[in-house]
Amino acid sequence: MNLSKILKNGFLILIASLVLTACATKKTTTGQLQGDVYTGTDSVEYLASGVPDRVFFATNETVLTTASRETLRKQAAWLRKNSDINVVLEGHADERGTREYNLALGERRANSAKDYLMTYGISSDRISVLSYGKERPVDSGSNPLSWSKNRRSVTVKAN
Amino acid sequence: MIRKIYLLIILLILPLKVFALVEVDITRGNLNPLPVAVSPLAIDKNSKENFKKILKKKNLGLEISKIVENNLKQSGLFNPLDKKAFLQEPDIANLKPRFEDWNLIKAQALVTGRVTFVDEKLRVEFRLWDVLAGREMMALAFTTVPSNWRRVGHIITDKVYERLTGEKGYFDTRIIYISEKGPKTNRIKKLAIMDQDGFNNKFLTLGNELVLTPRFSPTNQMVTYLSYFRNLPRVYLLDIETGMQEVVGDFPGMTFAPRFSPDGKKIIMSFAKDGNSDIYTMDLENRIVERISNHPSIDTSPSYSPDGKYITFNSDRSGYQQIYIMNSKGKNVKRISFGNGLYGTPVWSPRGDLIAFTKLHKGKFYIGVMRTDGTGERLLTENFYQEAPSWSPNGRVLIFYRESKTNSKGEGFSAKLWSIDLTGYNERMVETETDASDPSWSSLLSN
């Protein structure tokens with residue numbers, strides 16, 4: 001009787017802690033991920049000092065995060081200062097989608113970055129868009145962190 | 001090259017009034033493949049010498065029988081018996097088999113034949129025998145150029161398969177695909193073509209630019225695919241025979257996901273502009289471009305029904321990738337996939353009754369089929385990553401590609417072609433010289 005009660009309670013505690021940890025892994029920012037958007041700097045290069053070249057996206061998403069918008073505002077300022085420079089926005093997807101859909105997704109991600117640059121005064125004539133779909137990952141890993149680095153739009157100097 | 005099928009069918013199948021006992025049911029998974037004996041084709045000394053000189057094959061009769069044997073085995077429906085157990089010489093068996101001998105080794109069907117060198121050509125005759133009934137089921141002869149010798153084996157298989165299953169075969173066919181090499185982060189991709197059994201592999205591009213998603217025209221002379229030539233991803237058209245290439249249409253942005261219409265007159269594809277992908281067609285004769293879908297979502301992976309009246313495609317207009325159907329003018333759009341997960345790459349079966357697709361659900365990828373109204377969804381195979389099914393011309397087999405999971409260091413990536421029967425049985429890797437993806441199955445080359 002007593003024993004079964006103890007076991008029961010123990011079991012409840014076990015369940016409770018499982019639920020808690022499940023919540024914990026879902027919600028918190030773990031290392032270089034916020035949700036499933038990459039926030040680290042591993043693959044990031046710089047167009048100029050303090051101007052990161054890329055922004056990252058959530059799975060199947062093309063919405064720009066707060067951090068992405070900040071990066072793009074820096075890019076826009078740099079482009080305004082260097083009016084002779086044109087750029088290509090290269091849109092990418094991770095390997096967890098069909099090839100054809102990912103080509104479209106990469107195009108949409110790059111355009112989402114392009115639209116934002118345009119709202120900060122950069123002429124569309126200076127920006128071209130190129131989607132690579134899932135063809136050019138920067139990280140060859142098969143795990144959520146690698147995938148998050150690959151869901152990106154990279155601003156590359158065109159001239 | 002494909003067009004120049006130098007193949008004369010001289011004798012047609014002799015009419016047979018007898019109702020054969022041997023038959024194979026291909027509508028179910030076949031767990032008891034039919035035991036069949038494929039005798040080496042008889043060959044006379046003179047022919048042997050001639051073929052040896054031209055084709056560098058010691059015994060062409062034996063070689064051709066091996067092609068037939070391998071095809072039958074790969075189909076999963078037949079169990080070719082070991083030649084060592086055969087008691088009868090090929091030439092005598094082809095005249096009149098001693099059925100008791102073949103019965104003894106448990107063969108239910110027997111293929112015999114003869115190959116001869118006549119006027120610089122290869123002449124082959126073959127017979128299919130019902131061992132239990134002790135009767136000839138089929139006899140056929142044809143003549144071709146010696147260099148077509150592998151195709152001879154495929155044509156024999158097609159005829160045997162058709163006679164025993166009641167459906168057209170898929171062995172005298174080719175696969176066009178993307179050959180892959182190099183690190184995952186910078187793959188070198190080439191357009192490649194091979195026979196259905198992996199032989200006669202040939203590269204059609206050099207690997208200087210990224211190429212993706214090749215698809216055959218209905219007559220197999222042309223291929224449409226995506227090329228990143230000069231970093232401008234566009235749909236191209238390639239004539240396999242002449243090597244001539246051209247861009248399809250004059251679009252101010254990326255075109256992708258091309259396929260031919262069933263009459264071969266149009267190419268249907270996606271065109272992406274300002275973050276939106278819609279479906280377009282271009283008429284190859286008058287170059288007229290038509291917009292088929294018009295929606296702010298991503299519309300891609302279009303595929304016609306065999307009668308050309310409908311189009312199935314992939315769209316995320318519901319928020320996630322799902323499969324839709326519309327008529328060939330882009331009207332009456334209807335969503336047909338409603339299961340849990342994401343659905344992509346719908347491909348209409350050549351028989352018209354099914355749509356094959358890729359499904360992503362809970363981190364796993366599936367190849368499946370559903371009826372054209374979305375009912376009867378059936379998942380055939382589950383894996384870490386696989387997609388892009390393409391139908392065999394008889395609609396009984398699907399070929400697709402699979403990618404492996406890399407280890408913690410990001411090593412061990414591979415891409416391979418696989419095939420599976422519509423029944424969900426007979427899953428096999430298709431051997432290729434290099435890593436491979438994006439397979440597209442041709443129609444029957446001879447018909």
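The model is predicted: local features need pLDDT of at least 70, side-chain atom pairs count only at pLDDT 80 or more, and totals for chains, interfaces and linings use all residues. Residues are numbered from 1 along each chain as its sequence is written, while chains are lettered from A and ligands numbered from 1 in the order in which they are written. Chain A has four helices and eight strands. Helices (H or I, at least four residues) and strands (E, at least two) are DSSP runs, numbered from the N terminus.

- From the N terminus, the elements of chain A follow the order α-β-β-β-β-β-α-β-α-β-α-β.
- Of its 159 residues, 42% count as buried. Buried means 20 or more other C-beta atoms within 10 Å of the residue's own, exposed means 12 or fewer, and partly exposed lies in between; C-beta atoms are placed from the backbone.
- Among contacts in chain A with a separation of 6 or more, 69% come from residues 24 or more positions apart. Two residues are in contact if their C-beta atoms, placed from the backbone, lie within 7 Å.
- Between the chains, 23 residues of chain A are in contact with 32 residues of chain B.
- On the side of chain A that touches chain B, α3 (99-119) and β7 (127-133) of chain A each supply at least two residues. α3(A) gives the most, with ten residues.
- The residues of that side divide into seven nonpolar, eight polar and eight charged. Ala, Val, Leu, Ile, Met, Phe, Trp, Tyr, Cys and Pro count as nonpolar, Asp, Glu, Lys and Arg as charged, and the others, Gly among them, as polar.

- Strand β12 (residues 222-227) of chain B has six of its six residues buried.
- Both of its faces are covered. B:M222, B:T224 and B:L226 are buried on one side, and B:V223, B:Y225 and B:S227 on the other.
- Strand β11 (residues 211-216) of chain B runs antiparallel to β12(B), joined by four bridges. Two strands pair if DSSP finds at least two bridges between them.
- B:V211 has B:S227 as its bridge partner in β12(B).
- The hairpin of β11(B) and β12(B) has five residues between the strands, and B:N220 takes a positive phi near 70 degrees.
- Six bridges pair β12(B) with strand β13 (residues 234-239) of chain B in the antiparallel sense. Here B:V235 is the bridge partner of B:L226.
- The hairpin of β12(B) and β13(B) has six residues between the strands, and B:R230 in its turn has a positive phi of about 55 degrees.

**Nonpolar cores**

- The largest nonpolar core has 81 residues, and B:Y225, B:I267, B:M269, B:I355, B:A356, B:L398 and B:I399 touch the most other members. Such a core is a set of buried Ala, Val, Leu, Ile, Met, Phe, Trp, Tyr and Cys residues joined through C-beta atoms within 7 Å.
- A second, separate core of 38 residues includes B:F51, B:L110, B:V131 and B:I156.
- Beyond its neighbours within four places in sequence, B:Y225 is in contact with residues including B:L191, B:V211, B:Y236 and B:P258.

**Other strands of chain B**

- An open sheet of four strands has the order β23-β24-β25-β26 in chain B, with antiparallel pairing.
- β23 (342-348) and β26 (378-383) of chain B stand at the edges with a single partner strand each, so one side of each has no neighbour in the sheet.
- Strand β25 (residues 364-371) of chain B pairs with β26(B) over five bridges. B:F365 stands opposite B:N383 in β26(B).
- Strand β31 (residues 435-441) of chain B has seven of its seven residues buried.
- Five bridges join β31(B) to strand β8 (residues 174-181) of chain B, and the two run antiparallel. B:I176 stands opposite B:S440 in β31(B).

**Helices of chain B**

- Helix α2 (residues 60-74) of chain B has 15 residues and reaches 21 Å from its first C-alpha to its last, close to the 21 Å expected. The expected span is 1.5 Å times one less than the number of residues.
- Buried residues of α2(B) include B:L60, B:I64, B:I67, B:V68 and B:L72.
- Just after α2(B), B:G76 takes a positive phi of about 80 degrees.
- B:E100 is found in helix α4 (residues 99-104) of chain B. B:E100 is exposed, with 10 other C-beta atoms within 10 Å.
- The C-alpha atoms of B:E100 and B:V131 are separated by 8.2 Å, with the residues 31 apart along the chain.
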